[in-house]
Amino acid sequence: MRIVCLLVFALFFASCKKTPTTPEIKAVEKVVTQDSLIYPEEVHFKSLRQVTFGSDNAEAYWSFDDAQLVFQSNNKNWNVSCDQMFLMNANASFKDQIPPMISTGKGRTTCAYFLPDNKHIIYASTHLVDDECPEVPLRKNGKYIWPVYDSFDIFKADLQGNIVQQLTNEKGYDAEPTVSPKGDKIVFTSTRSGDLELYTMNIDGSNVLQITDELGYDGGAFFSPDGSKIIFRSSRPKTKEAIKAYTDLLADGMVEPTEMELYICNADGSELRQLTDLGNANWSPFFHPSGKKILFSSNFEAERGFPFNLYLIDLDGKNLERVTHGETFDAFPVFSNDGKKLAFSSNRNNGGGRDTNLFIAEWQD
């Protein structure tokens, strides 16, 4: 589960920041660029290409051979009522054409990811419970929330949209699956223990292991390039009031994602530690191809909940560097397997509206 209306997500974040110990942000020289999509300070982008042109488009993940990507969209012009999964070639764009849908078109889907054979994907879907899109609550007692649908299960499908295997069948929320670059493991989030914890399983769904066990929402997990570590976001309540607020919301199938930090651990859950202490929401982390840095989205510099921008940080929490310089929303960064390109979602170039589109950058360190 990530989000449905991404600009709304940014606008509703609470304006009250905690006071963390903020690392110094590395200074960046402005560069002259002929690419109107790239802001002058965005020195890591050699070029930038817009892929989609309307509605909410997010979480574009590369095939293992970098030839294709799978992403989710709720574009009503593509004959869907809520998020479904679409397939694209790496050099494609969709201003005047519709990509092939490779989910069932039923229920709500989220978080697709390629399997190593490049012929199958995994994703979460609610279609077993209801063919229709579930309701999307955005506010609870005046607070911005994400729904945690207990109807989500994880499925394996081919690129023609045929489901070939159901990978989870426990009661409760099973979603947010991603695959190790080694091709041997899947990490996902589940409420099967009564809390939102991380689990790993083999590619075929066997050998399920719980790898986090502290109260709070652990999700959005990704493996390091060598498969040895996992980076994820977490909201871990500490005070009696925060714990009650979290558990009450979760009992109603919701979480409040306004305060999240990044955590890192070994692939088996050992040596868990907190990576960021920035305040506000730090999320959608992904390993840099070197395995030595994390690229993530944050609004920690914002006083009113937005903008969200992309940042790099070392695995020891040092050398924080701002990568994007937008005024609204940049998130869901994902490097290609060869490390040469970066896919991400952004509100840039949308005419000041609410559309969140996919972009692909040529990356340079």
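The link between Cys82 and Cys133 is left-handed, with -90° about the S-S bond. The model is predicted. In this model the two sulfur atoms of Cys82 and Cys133 stand 2.2 Å apart, which places them within the 2.5 Å that counts as a disulfide. The count comes to 1 disulfide. Cys82 sits in the loop between strand S3 (68–73) and strand S4 (84–89), and Cys133 sits in the loop between strand S6 (120–125) and strand S7 (139–140). The pair therefore ties together parts that are 51 residues apart in sequence. Cys82 is buried, at a relative accessible area of 3%. Cys133 is partly exposed, at 31%.

Two further cysteines take part in no disulfide. For Cys111, the nearest cysteine sulfur belongs to Cys82 and is 13 Å away. Cys111 is buried, with a relative accessible area of 0%. For Cys265, the nearest cysteine sulfur is that of Cys111, 18 Å away. Cys265 also counts as buried, at 2% relative accessibility.

An open sheet is formed by 4 strands. Their order is S21-S22-S23-S24, and the pairing is antiparallel. Strand S21 (282–287) and strand S24 (321–322) stand at the edges. Each has a single partner strand, so one side of each is left without a neighbour in the sheet. Strands of a sheet pair through backbone hydrogen bonds. Strand S22 (residues 293–298) pairs with strand S23 (residues 309–314) over 6 bridges, in the antiparallel sense. Ile294 has Ile313 in S23 as its bridge partner.

Note on methods
Residues are numbered from 1 along each chain as its sequence is written. This is a predicted model: local features need pLDDT of at least 70, side-chain atom pairs count only at pLDDT 80 or more; totals for chains, interfaces and linings use all residues. Side-chain values use heavy atoms; hydrogens and water are left out. Two strands pair if DSSP finds at least two bridges between them. Helices (H or I, at least four residues) and strands (E, at least two) are DSSP runs, numbered from the N terminus. Buried means under 20% relative accessible area, exposed over 50%, partly exposed in between (1.4 Å probe, protein chains only).
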